[in-house]
Amino acid sequence: MKLSYQIDGISCGRCISKVKQTLESHPLIEKVEISLNSLGLTTIKMKERIDTDYLQQIISKVGNYTINDEN
């Protein structure tokens, strides 16, 4: 399943790389696409749905980012 999110706090390629690598290290996440042009618009392909609050816990470990469900 593919779901869309908005991740606030992403401002550069380094931010994208950190968040992408962190999320993709989770076994239920297959692929992450983050757009800098849309200031953090993110698509996450998952094997099964992961709660947005849990995704927030994951990305909080690498920076001051906030994820919101766009679905």
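This short talk describes the fold, the strand pairing and the surface of one protein.

Good morning. Please keep in mind that the structure above is a predicted model.

I shall begin with the overall architecture. The protein contains 2 helices and 4 strands. As for its dimensions, the C-alpha trace spans about 30 × 20 × 20 Å along the principal axes.

Let us now turn to the strands. Which strands does β1 pair with? Strand β1, residues 2–8, is joined by 5 bridges to strand β3, residues 41–46, and the two run antiparallel. Within this pairing, Gln6 stands opposite Leu41 in β3. Strand β1 is also joined to strand β4, residues 66–69, by 4 bridges, and this pair likewise runs antiparallel. Here Ile7 stands opposite Ile67 in β4.

The contacts tell us about separation along the chain. Among contacts between residues at least 6 apart in sequence, 57% join residues at least 24 apart.

How many of the 71 residues count as buried? The share is 37%. The accessible surface comes to about 4,200 Å², and carbon and sulfur atoms account for 46% of that area. The protein carries 9 positive and 9 negative side chains, and the centres of these two sets lie 8 Å apart.

Thank you for your attention.

Definitions and conventions
Residues are numbered from 1 along each chain as its sequence is written. This is a predicted model: local features need pLDDT of at least 70, side-chain atom pairs count only at pLDDT 80 or more; totals for chains, interfaces and linings use all residues. Side-chain values use heavy atoms; hydrogens and water are left out. Buried means under 20% relative accessible area, exposed over 50%, partly exposed in between (1.4 Å probe, protein chains only). Contact means heavy atoms within 4.5 Å. Accessible areas come from the Shrake-Rupley method with a 1.4 Å probe; for residues, only the protein chains shown count as cover. Lys and Arg count as positive and Asp and Glu as negative; His and the chain ends are not counted. The place of a charge is taken as NZ of Lys, CZ of Arg, CG of Asp or CD of Glu. Two strands pair if DSSP finds at least two bridges between them.
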